[in-house]
Amino acid sequence: MKKHLLLSALILPAALAFTSCLDTNDNRQEQNINYGGSLCFNYVTDMQDPTAESFVSLSPNYSFLIEYFSATMTTSMSNIRLTADGSPLTFKTPELKASNTNNGNTISCNVTDVVPEGQTQSYVFDKLNINITERTLASSTGVYKYSPIYDVRYTINNRYNVRVLPAYYDVVGKLTSTATGTTDSHEGKMSIVSLSLNPNSSAPATGKAKLEIYDVSFKADFTESRIIAEDIPYTITPSGVSIHTESGTVYKIKDVTGKEIQGAGLSDIIITVDVPSGSTSFSLHANVTGLQGENDAVDYDLSGRLQYYYNSTSN
């Protein structure tokens, strides 16, 4: 089995693919990548105080200035909180050694003992891990999605462990569909499952998610190009994202225009996403009444193991 990026022919070289502000001259080729605001949040753990609960801090801002000729990265951060009631902090690292991996599609900066500029020894990044991966996904029926992966983690003063969690996930894989009450199973072709998180501002470790499934195949002649369900409760855990809906609660299926499909719905949704690996377990119950002209109530159970990349066998 070989792990590879989907639709690799469409992925641009790393130096050109990130589209936020490219500056090239005779001696430098710079790219500034901005990541933050509503795109992510911080999960902060105090490793020295066992009584302090881990917490979610919203709207951090990160900027990664990459210089490709010298292979360096300078990281700027703002609105960084190390305690739940602490003041927001701002940091800027010196130029740090970076590298390209994964056939040039991943830019990595993994360093230790970094003193931010102007901080003397007040704050030290004992570990700083930044991996930004270019990725373009293709579904089985030709849906293309540009979906870079950001893996950002760091430890400050050997005390505060910060994991930057994305607010949006695209994972891929094959889903197995079983008609409820039978053993008649069908494995579909590759699907894309997207999860958008909307944190609760008053309790940011919780919130409501939007679930989109591209190319979900219930049986051989029954494939929906896209189904959508919204307002699904989630919880942030030490390992990532957890969804486990109450038994019997139905979340209406919507079409691409946002219109509810009469009679159709999803229930018993269980999804766990491990961050940063992207390993995802997925199961739910689907009533597909009204989809593709189904007039009677038809139920299926969907399940699968999903991930950021698609595994295929080498020829």
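Student: In which strand is aspartate 215 found?

Tutor: Aspartate 215 is found in strand β19, residues 203-219; strands here are DSSP runs of E with at least two residues, helices are runs of H or I with at least four residues, and both are numbered from the N terminus. Before going on, some ground rules: this is a predicted model, where local features need pLDDT of at least 70, side-chain atom pairs count only at pLDDT 80 or more, and totals for chains, interfaces and linings use all residues. Residues are numbered from 1 along each chain as its sequence is written, and side-chain values use heavy atoms, with hydrogens and water left out.

Now the backbone: phi of aspartate 215 is near 60°, a positive value in a residue other than glycine. Aspartate 215 is also buried, at 2% relative accessible area (buried is under 20%, exposed over 50%, partly exposed in between, using a 1.4 Å probe and protein chains only).

Aspartate 231 isn't a glycine either, and has a positive phi of about 60°. Aspartate 231 lies in strand β20, residues 222-237. Its relative accessible area is 51%, so aspartate 231 counts as exposed.

You'll find proline 276 in the loop between β23 (260-274) and β24 (280-287).
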